Amino acid sequence: MENFKKYINEISDFPKEGISFKDINPIYKEPKIWNELMLPLQKLVSTIKPDYIAGIESRGFIPATALAFKLEVGFIPIRKPNKLPGKVIGTNYKLEYGEDRLEIQQDSIEKDSKIIVIDDLLATGGTACAAGKLIREAGGKLIGYIFLVELTELHGRIKLDSELLIESLIKY
Ligand code: AMP
């Protein structure tokens, strides 16, 4: 997985001072590279057979929807505030560079359906933790988390339920 790092640009002090932003867009621009990166995820998700893949707005939608479409698994969006229509459940959380809020549609999940969260990057873990909380509050059975990139020094995993599958492909 180390060889993918040449397709990840590191931008200092974006979006705030002190943050080294990992820009993975060059991977998406190269279909062969993107496909190579997604192959192990496809295998993993096919094995664990979730009922749904949940993706987190907005960068998380890219790998999550690509995988859901490819594997013919339903997709559930977890979005920023005031984007989803109807009744929603929301939660506030901290991220590496600030605070935010995520929401899920209250009736989007059948009780106890197995759901895996897929996001582009695990930093402090606040975003993924909030997404998991929403899935559980909406009645889903959270089965794990998959990330394309993990910033290991930020120990985001600690915030996540250690009994679940927590997988990341490219580690910094
Ligand atoms: P966190 O809640 O701190 O784990 O932050 C994870 C979310 O914020 C992911 O959805 C990323 O898209 C974004 N993010 C946080 N830190 C970075 C970073 N250093 N580079 C790129 N994206 C980041």
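Which side chains meet in a salt bridge at 2.8 Å, N to O? Asp161 and Arg136 do. The views below come from a predicted model.

**View 1. Asp161 and Arg136 join distant parts of the chain.** The two side chains form a salt bridge, with 2.8 Å from N to O. The partners are 25 residues apart. Asp161 sits in the loop between strand 8 (141-150) and strand 9 (165-171). Arg136 belongs to helix 4 (residues 126-137). Asp161 is partly exposed, at 26% relative accessibility. Arg136 is also partly exposed, with a relative accessible area of 41%.

**View 2. Glu103 pairs with Arg101.** The closest N and O atoms of this salt bridge are 3.3 Å apart. How accessible is Glu103, buried or exposed? Glu103 counts as buried because its relative accessibility is 6%, and the cut-off for buried is under 20%. Arg101 counts as partly exposed, at 27% relative accessibility.

**View 3. Lys111 and Asp112 meet in a salt bridge.** The N to O distance is 3.8 Å. Lys111 is exposed, with a relative accessible area of 68%. Asp112 counts as partly exposed, at 48% relative accessibility. Side chains of opposite charge can pair when their charged atoms come close. The structure holds eight salt bridges, and the Lys111 and Asp112 pair is one of them.

**View 4. Asp120 is buried in strand 7.** This strand covers residues 114-122. The relative accessible area of Asp120 is 10%. Which residues does Asp120 contact, leaving aside its neighbours within four places in sequence? The partners are Ile24, Tyr28, Arg59, Gly60, Pro63, Phe147, Leu148 and Val149.

**View 5. The whole protein puts the close-ups in context.** Four helices and nine strands make up the count of elements. Along the sequence they follow the pattern β-β-α-α-β-α-β-β-β-β-α-β-β. The radius of gyration is 15 Å, close to the 16 Å that the globule rule gives for 172 residues, so the protein is as compact as a globular protein of that length. The C-alpha atoms fill a box of roughly 40 × 35 × 30 Å along the principal axes. Of the 172 residues, 45% count as buried. Among contacts with a separation of 6 or more, 57% involve residues 24 or more positions apart.

**View 6. Surface and charge of the protein.** The protein carries 24 positive and 25 negative charges.

Terms used. Residues numbered from 1 in each chain as written. Predicted model: local features only at pLDDT ≥ 70, side-chain atom pairs only at ≥ 80, totals over all residues. Heavy atoms only, no water. Helix = DSSP H or I, 4+ residues; strand = E, 2+ residues; numbered from the N terminus. Buried < 20%, exposed > 50% of the residue type's maximum accessible area, 1.4 Å probe, protein only. Contact = heavy atoms within 4.5 Å. Rg over C-alpha atoms; globule rule 2.2 N^0.38 Å. Lys, Arg positive; Asp, Glu negative; His and termini not counted. Charge placed at Lys NZ, Arg CZ, Asp CG, Glu CD. Salt bridge = Lys/Arg side-chain N within 4 Å of Asp/Glu carboxyl O.
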